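Here are some notes to read alongside the model, written for someone meeting it for the first time. Please keep the structure open while you go through the points.

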Amino acid sequence: MSSDPDKMMSKADKMTKLTLTRWSADWRGATELYEQAANGFRASNKYEKAKVALEKASKGQEMQASPWDAAKHMESAAALAQKLSIWNEVADFYRKASELYVECGRAQPASDALGKAARALEDVKPDDAIQLYTDACEILEEDGRDQMAFDLYRACANVYIKLEKFTDAATFFLRLGVAADKCDATNSQCKAYLSAIILYLYAHDLQQAEKCYNDCSQIDAFLKSDQCRSASRLLTAYNEGDIEEIKKVASSSTVSNLDHMIIKLARKLPTGDVTAIQMNTNDDLDEDDLT
Amino acid sequence: MTVIDILTRVDSICKKYDKYDVDKQREANISGDDAFARLYGAFETQIETALEKAELVTKEKNRAAAVAMNAEIRRTKARLSEEVPKLQRLAVKRVKGLTTEELAARNDLVLALPARIEAIPDGTAGGPKNTSGWTPSSTTSRPDIKFDSDGRFDDDYFQESHESSQFRQEYEMRKIKQEQGLDMISEGLDALKNMASDMNEELDRQVPLMDEIDTKVDRATSDLKNTNVRLKDTVNQLRSSRNFCIDIVLLCIVLGIAAYLYNVLK
């Protein structure tokens, strides 16, 4: 076997091509050659070629009916594509890898692959990232492993927050709450609900926040928790326009245990809204003023 | 003996046997028809016995006995005070053989009675009550408790003195410091609680993973054991003595056939 990866590649290609002399492709030999070639390319930092070699190796493994190895090669190829910043290839490769993992019946690596893809694309193509995160969560939920989905939900919500789509982020936190409910993870559930309420308040949507609070209060676990009390304090402070109280709640330890993005928003909370609150209280005065 | 001596002796003897003097008794009891006089006489005797008892109490060393006697005196006083109105009613009644001066005198006597009854010492008599302020009425019975104010509870008494306001300030400051300390402790506890519940959830998350690992490792172990056993069997079979013997015997037969052929061909 020559140590020159290019030569190995061409040899392997020849092995897989069907000609008159070759009636069936020798995938096993070809796959081995492809793998070796890929290693060679990686050692010499020829990432593009290594990527191509890995793709072909993965195809070979697939033909050999070993989806696990195929998936592994796909993931490596995707990592290289990430290094080369070829983003749509990154997404494609990771998706393929995830499908192969699902074929193996292993949900966790599948969702991990999608998660890695989403993380890679967060900054560049956030919508794709969100799609990938959602798919990853679905895979886990189907398999009944909701707890692993928490981190994914949180990451997805963070992406939304960066995009300033606060209501979508809040929706994701509520989904986190549902997942947490299924596994009796009450602390995470309560934190998720509190985060959702804070997001609604930050989005200047007091009614939505109150509706959310009322809905969540139906759940026993939330009702008895510290987070519920903080939420109710926050909402009453908002209703009364008491800025000091809002600031106090926002800097309390309950809020400081949430995600750091939410903490940042909470600290900024009242500054978005002061005039609106003032208007609210003035209206009340007019109604009550019967003289 | 002188005449005076005789007179004294006769007097003492008469006094001794006075109670046998029927006439004198009748005279003393001539007021028996008079209900007032009778009742008044009873009153007088009772008051006198009470006074005697009061004297005994002051001499009494045993406190329990003293208390009991005081209680009895008080009971007697109460009874007498109750009966004073009856006496008053009788005093106003006209009885034959009574002059108007005596009637007036009886009234006065009755009026004086309540004061005399009250005057009997029974261990709780205090000074005249003041209408304004309090009196430490128990100082007479407990002389060892001393009041700084001597009973003067006027406006000045309840005013904050310099020392007490200082004390109050210090108390407030310490209370504030304590609250600050408690706030810090509560923050630390909140952080701990959060970390602990996160750890809890993390462990819960890892439980099914561990179960999976457990199953897989069990399977791998049993596979390995199986393989080992089979390998051992195979190796044993290869090295069994029976095979060796068969090999040697066959070898001998082959050598024998070769030797025979060699002999034949030679």
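**Notes on the two chains**

1. Let us begin with a pair of helices: in chain A, helix α5 (residues 87-104) and helix α7 (residues 126-143) have axes that come within 13 Å and cross at roughly 5 degrees. The two are therefore roughly parallel, a label given to angles under 35 degrees, with over 145 called roughly antiparallel, 65 to 115 roughly perpendicular and the rest oblique. Axes here are lines fitted to C-alpha atoms, for helices over the stretch in contact, and angles run from 0 to 180 degrees between N-to-C directions. On the α5(A) side the contact is made by A:Arg95, A:Ser98 and A:Val102, and on the α7(A) side by A:Gln131, A:Leu132, A:Asp135 and A:Ile139. Contact means heavy atoms within 4.5 Å, and helices (H or I, at least four residues) and strands (E, at least two) are DSSP runs, numbered from the N terminus.

2. A word on the source. This is a predicted model, in which local features need pLDDT of at least 70 and side-chain atom pairs count only at pLDDT 80 or more, while totals for chains, interfaces and linings use all residues. Residues are numbered from 1 along each chain as its sequence is written, chains are lettered from A and ligands numbered from 1 in the order in which they are written, and side-chain values use heavy atoms, leaving out hydrogens and water.

3. Now chain A as a whole. Chain A has 17 helices and zero strands. Of its 291 residues, 47% are buried, where buried means under 20% relative accessible area, exposed over 50%, and partly exposed in between (1.4 Å probe, protein chains only). Among chain A contacts with a separation of 6 or more, 56% join residues 24 or more positions apart. The chain exposes about 14500 Å², with carbon and sulfur atoms supplying 49% of that area; accessible areas come from the Shrake-Rupley method with a 1.4 Å probe, and for residues only the protein chains shown count as cover.

4. A:Ser111, in helix α6 (residues 107-121) of chain A, is buried at 1% relative accessible area. Beyond residues up to four places away in sequence, A:Ser111 touches A:Ala136, A:Leu140 and A:Leu152. In chain B, B:Asn70 sits in helix α4 (residues 63-92) and is buried at 13%. Apart from neighbours within four places in sequence, B:Asn70 is in contact with B:Val57, B:Asp122 and B:Gly123.

5. How many salt bridges does the structure hold over all chains? There are 24, each one a side-chain nitrogen of Lys or Arg within 4 Å of a carboxyl oxygen of Asp or Glu. One of them joins A:Lys51 to A:Glu48, with the closest N and O atoms 3.7 Å apart. Both residues lie in helix α3 (residues 47-63) of chain A, three residues apart, about one turn of the helix. A:Lys51 is buried at 2% relative accessibility, whereas A:Glu48 is partly exposed at 42%.

6. Salt bridges also link the chains. B:Lys193 pairs with A:Asp226, the closest N and O atoms being 2.8 Å apart. This pair crosses from helix α6 (residues 162-238) of chain B to helix α13 (residues 226-240) of chain A. Elsewhere, A:Asp143, A:Arg145, B:Glu212 and B:Lys216 are linked in a network of salt bridges. A:Asp143 belongs to helix α7 of chain A and is partly exposed at 42% relative accessibility.

7. Please check two loop residues in chain A. Most residues other than glycine have a negative phi. A:Ser85, not a glycine, has a positive phi of about 60 degrees and is found in the loop between α4 (67-84) and α5. A:Glu164, also not a glycine, has a positive phi of about 65 degrees and lies in the loop between α8 (146-162) and α9 (166-182). A:Ser85 is partly exposed at 40%, while A:Glu164 is exposed at 57%.

8. Last, a surface feature of chain B. A nonpolar patch with about 910 Å² of accessible area together includes B:Ile246, B:Leu250, B:Tyr260 and B:Leu265. Patches are made of residues with over 30% relative accessible area and no salt bridge, joining like charges within 9 Å and nonpolar side chains (Val, Leu, Ile, Met, Phe, Trp, Tyr) within 5 Å. B:Leu250 lies in helix α7 (residues 241-265) of chain B and is partly exposed at 47%.
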